[in-house]
Amino acid sequence: MKVKLSFWKTVFLFLMAAGAYATFIRFTRGLGASTHLSDRFPWGIWISFDVLCGVMLAAGGFTLTAAVHILNIKRMHSIIRPTILTAFLGYVLVCVALMYDLGKPYNIWHPLIMRNPHSVMFEVAYCVMLYTTVLALEFSPIVLERFNLQKPLKVIRAILIPLVICGVILSTLHQSSLGTLYLIVPEKLHPFWYSPLLPVFFFISAIAVGLAMTIFESSMSAKHFGLHLELPVLQELGRVLVVVLSVYAILRFEDLLHRGVLGLTLKPSYEMYLFWLEIALSIILPLVLLLQPRVRANPDGLYWAAVLTVLGFITNRMNVSITGFEGSTGVRYFPKWTELAVTGMIIAAGFALFGLAVKYLPIFPKEEFIAVHENTRSLPVGVVSELQHAGD
Amino acid sequence: MSKALLYDSTLCIGCKQCEQACANQNKLPYDDAIAAEDYQSAHKLTVVLTREEKFMRRLCMNCQDPSCASVCPVGALQKTALGPVTYDASKCMGCRYCMVACPFSVPKYEWGKLFPKVQKCVMCPDRVAAGKQTACAEICPTGATKFGERDELIAEAQQRIRDNPGKYVNHIYGLSEVGGTSVLLLSSVPFETFGYRTDVSKDPLPMLTYRVLSHIPDFVPLGGMLLGGVWWITHRREEVALAEGRKPEAVKKNGRKQ
């Protein structure tokens, strides 16, 4: 345990140091010196991974708040806080990443006063701003409880339902609009990925990833913080995931068929390999796993199905925003080390902030900490006392 | 009325004076090394290409319904009534969506600068507004680049194709590409030779995104009402169950298959 901890700490410190140096290069020497972007390839991994995937990975927030508060599925209540935490951290980190990618980050507030409602990017800008605010408010009770501030807590609780509804609507708009962004490039994006249904695909896959991320982070939390695993709830999420993935798979292939590019998927090409990698990871393997009750009943089976789904849709976003453009632009884009370092730093920061929040804020329900204290003797005393303290 | 440029590649002698005039007009450097570059960049907004002893200019097409202006979140890019598609660097936040969206991949970026701008031919908006020709048209010694009313230039281009059978490819590039552009091209060899795509849509591209965006004003209140309705039903059900002395969650849990 001790060796493992220091190993991850070393990794974390290394990523932070590399990221800090890359940050220095980015803000002293500009985008040209810090990225492999060019006139022919203007968007790289800071958009593909940090923004497109970042927003997608935060989708658990709206999926779970809708399930618990709107559909009133009470048994999922125990896992809603870590999900909101993930979503909030995700959006904050997306905003951070945008500051790196924008050529003139100090003008980021411009959409507030300079409006072009015909622009998808304008919609995206407003969704990021408003939904980050909503997530901050949805997250605030956790902080307010920690410091026992009853008055503002009351206010938040009173507006919770309208807040959740706003959050679900903004998420729907934002997730789909990231797909809509690419509707304007019918000639540039490879036919495997350009589709009039892009906004629909982005939205449905966001729900799938939201469910998968919830399974993933609950399993991770159970492993690393020694918490009780809500297996029945996760199994239920797994079942819903099967339905969502099936709907997505049918639509995806029907769309390829209608656009007459289904034949292309069997003609060997650079795009074909990445297409099938995406489909295998995002659809085939998770469905094969999750359709077996034996796998669904097993925490590890659920965990791996969730990890595959997440990796699959990360591949999808990368394909839409990078691979799909390489053919038409004639450029093979591979990120510069500085781009990777910044992304690595942001991911590391995400994990670290999640860990800190779990340590110092009442993220997991109070009863669990008591249960943990009684059941797990293997945990270091310090962690248990801190966890207990967090519950107070 | 909308102004335009007609470039007739058969009249072009490849003197590159338009490149020089364009650089001067936009206060960009120009020397022999830059003259030798055969691609558009942040410091070279128009370029005269040479392929198989034929010439062809490349520059911003200043579309009638431009993708770049449609996608710009802050309206830094604008289509003016006179024809030019202008750029206001003070508004730009550097998202570079214009570069991704442009069907001709025209906008270029000052990657090397710490406070970068987008660069593209903006069709000399100040000169055009003052009733003058663009710098490139004014300098052109052979009349290969001609400035005028778009309608008149189209009629003239059609006339030239009719009067000289076999001389031109029977196509005015920019007449209907992406809904029409303010730069019209005539060529004696296929436009693909110079990297001009002829498979681009005949309809303006901004419709593709606006078709989706225009649903938002309907979607927001409708979605809100729907979600509110579902919330009301699910919670009402719970209230009723409580009033009848049942525990809805517990019933569900026991009744569920494991």
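## Domains of chain B

Domain bounds are those of an automatic or database domain assignment. For chain B of this predicted model, that assignment gives domain 1 as residues 3-205 and domain 2 as residues 215-255. The C-alpha centres of domain 1 and domain 2 of chain B are 58 Å apart.

## A hairpin in chain B

Strand S2 (residues 47-51) and strand S3 (residues 54-58) of chain B run antiparallel and are joined by five bridges. Within this pairing, B:Thr50 stands opposite B:Phe55 of S3(B). Two residues lie between the strands of the hairpin, and B:Glu52 takes a positive phi near 50° there.

## The side of chain B that touches chain A

Contacts between the chains involve 52 residues of chain B and 42 residues of chain A. On chain B, the elements that each supply at least two residues to this side include strand S6 (108-109), helix H8 (206-213), helix H9 (216-243) and helix H10 (248-255). H9(B) gives the most, with eleven residues. By residue type, the side of chain B that touches chain A divides into 29 nonpolar, 14 polar and nine charged residues.

## Chain A as a whole

Chain A has 15 helices and zero strands. Its radius of gyration is 21 Å, close to the 21 Å that the globule rule gives for 392 residues, so chain A is as compact as a globular protein of that length. Along the principal axes, the C-alpha atoms of chain A fill a box of roughly 60 × 50 × 45 Å.

Of the 392 residues of chain A, 46% count as buried. Among contacts in chain A with a separation of 6 or more, 79% are between residues 24 or more positions apart.

## Confidence in chain A

The average pLDDT of chain A is 89, and 92% of the residues score at least 70. Over residues 368-392 of chain A, pLDDT stays under 50, and the model has 26 contacts beyond four places in sequence for this stretch. Where pLDDT is low, the predicted coordinates should not be read in detail.

## A:Ser328

A:Ser328 is placed in helix H12 (residues 299-329) of chain A. A:Ser328 counts as partly exposed because it has 15 C-beta neighbours inside 10 Å, whereas a buried residue would need 20 or more and an exposed one 12 or fewer.

Apart from neighbours within four places in sequence, A:Ser328 is in contact with A:Glu187 and A:Lys188. A:Ala33 is 295 residues from A:Ser328 in sequence and 25 Å from it in space, C-alpha to C-alpha.

How values were computed. Residues numbered from 1 in each chain as written. Chains lettered and ligands numbered in written order. Predicted model: local features only at pLDDT ≥ 70, side-chain atom pairs only at ≥ 80, totals over all residues. Helix = DSSP H or I, 4+ residues; strand = E, 2+ residues; numbered from the N terminus. Contact = placed C-beta atoms within 7 Å. Pairing = 2+ DSSP bridges. Nonpolar A, V, L, I, M, F, W, Y, C, P; charged D, E, K, R; others polar. pLDDT = per-residue confidence, 0-100. Rg over C-alpha atoms; globule rule 2.2 N^0.38 Å.
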